Amino acid sequence: MTPITTPFGMRATAAEVLDGVDLRGRRMIVTGGSSGLGLETVRALAGAGAEVTIATRNPDAAGSVVDEFPGTRAAALELGDLDSVRAFCDSWDGPLHGLVANAGVMMLPTRQVSAQGWELQLATNYLGHFALAVGLHSALRSAEDARVVVVSSGAQLRAGFDFDDPQFEERPYDPFVAYAQSKTADVLLAVGISRRWAGDGITANACAPGWIHTNLARHLDQATLRALGALDEYGNLVTPDYYKTPAQGAATSTLLVASPLLDGVTGRYFEDNQESEVVDGGPEVMAGVAKWSVDAEAADRLWDYALPVVR
């Protein structure tokens, strides 16, 4: 299978990948759309004419972008609380053309669990978005050409999904391994949707936004930030050459959910606006998508593991 390429490089912005694209009449949801990458995704989609719903813990935080684009609105959604996800889905009416599963948490320093007993990074990054997609399936189907985009991370290269102990009940909790597992699960979510819902006219892809200074990194300690080259000796944030701006980081997810260049494309993983190579994961691998992240059998197994929890 030949990897898909686009004319956009890693420095393209979300607005640039939609230059000339008319999204009037298209209805979109962006989780975590009140800040960071989500906010830039909302701005690009709304700027192209889409009607965008910002799904966020704190709808008041989205006030400025709602004021900026009359076609936007904000609605409460707490991904770690399945009751909140159900309430959001129940309140949705009409077709849904695009769902950007963008919100997440990263490297919680201690093991925390959701009301369902799921480790909180997995509950927020994966299970909440799985429940959201399943709950909105009929709305996506009624659009006839809907797209789901799941924002993953290069961290998926570091750990597969541990079906023997996914909630860290037996093994010692490791903040990074838990985050990496949740990001692998995000790619498997896109694979699972593409395997089940293609006949409904629904496509699904996953992507990595790259390194960006956003609130997602609030749990990273100073030693980790220094190792990344993102903190100087005086404790000040710096921006390494390989970092992107939030507008650049949002480009790939925006491209996937709205660009005509990706019509009909499903079950793939993208970074820097290009489809990624499938590689063996491991500690030294810096790019691509791990084989375990796009494994069809693992995607089906994870779907079956999660589905009883959300119903």
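**Fold and sheet architecture of the protein chain**

The protein chain contains 11 helices and 10 strands; helices (H or I, at least four residues) and strands (E, at least two) are DSSP runs, numbered from the N terminus. This is a predicted model, in which local features need pLDDT of at least 70 and side-chain atom pairs count only at pLDDT 80 or more, while totals for chains, interfaces and linings use all residues. Residues are numbered from 1 along each chain as its sequence is written, and side-chain values use heavy atoms, with hydrogens and water left out.

The overall dimensions come first. The C-alpha atoms fill a box of roughly 45 × 45 × 45 Å along the principal axes. Of the contacts (heavy atoms within 4.5 Å) between residues at least 6 apart in sequence, 72% join residues at least 24 apart.

Of the 311 residues, 56% count as buried, that is, under 20% relative accessible area, with exposed meaning over 50% and partly exposed lying in between (1.4 Å probe, protein chains only). Helix H10 (residues 251-258) is mostly covered, with eight of its eight residues buried; among them are Thr-252, Leu-255, Leu-256 and Val-257.

The sheet can be followed strand by strand. Eight strands form an open sheet in the order E3-E2-E1-E4-E5-E6-E7-E8, with mixed pairing; two strands pair if DSSP finds at least two bridges between them. Strand E3 (72-76) and strand E8 (274-275) stand at the edges, each with a single partner strand, so one side of each has no neighbour in the sheet. Strands of a sheet pair through backbone hydrogen bonds, in either a parallel or an antiparallel sense.

Two of these pairings show residue-level detail. Strand E1 (residues 27-31) pairs with E2 in the parallel sense over five bridges, and Val-30 stands opposite Ile-54 in E2. Strand E2 (residues 51-56) has five of its six residues buried, so the rest of the structure largely encloses this strand. Elsewhere in the sheet, strand E5 (residues 147-151) and strand E6 (residues 203-208) are likewise joined in the parallel sense over five bridges, and Cys-207 in E6 is the bridge partner of Val-151.
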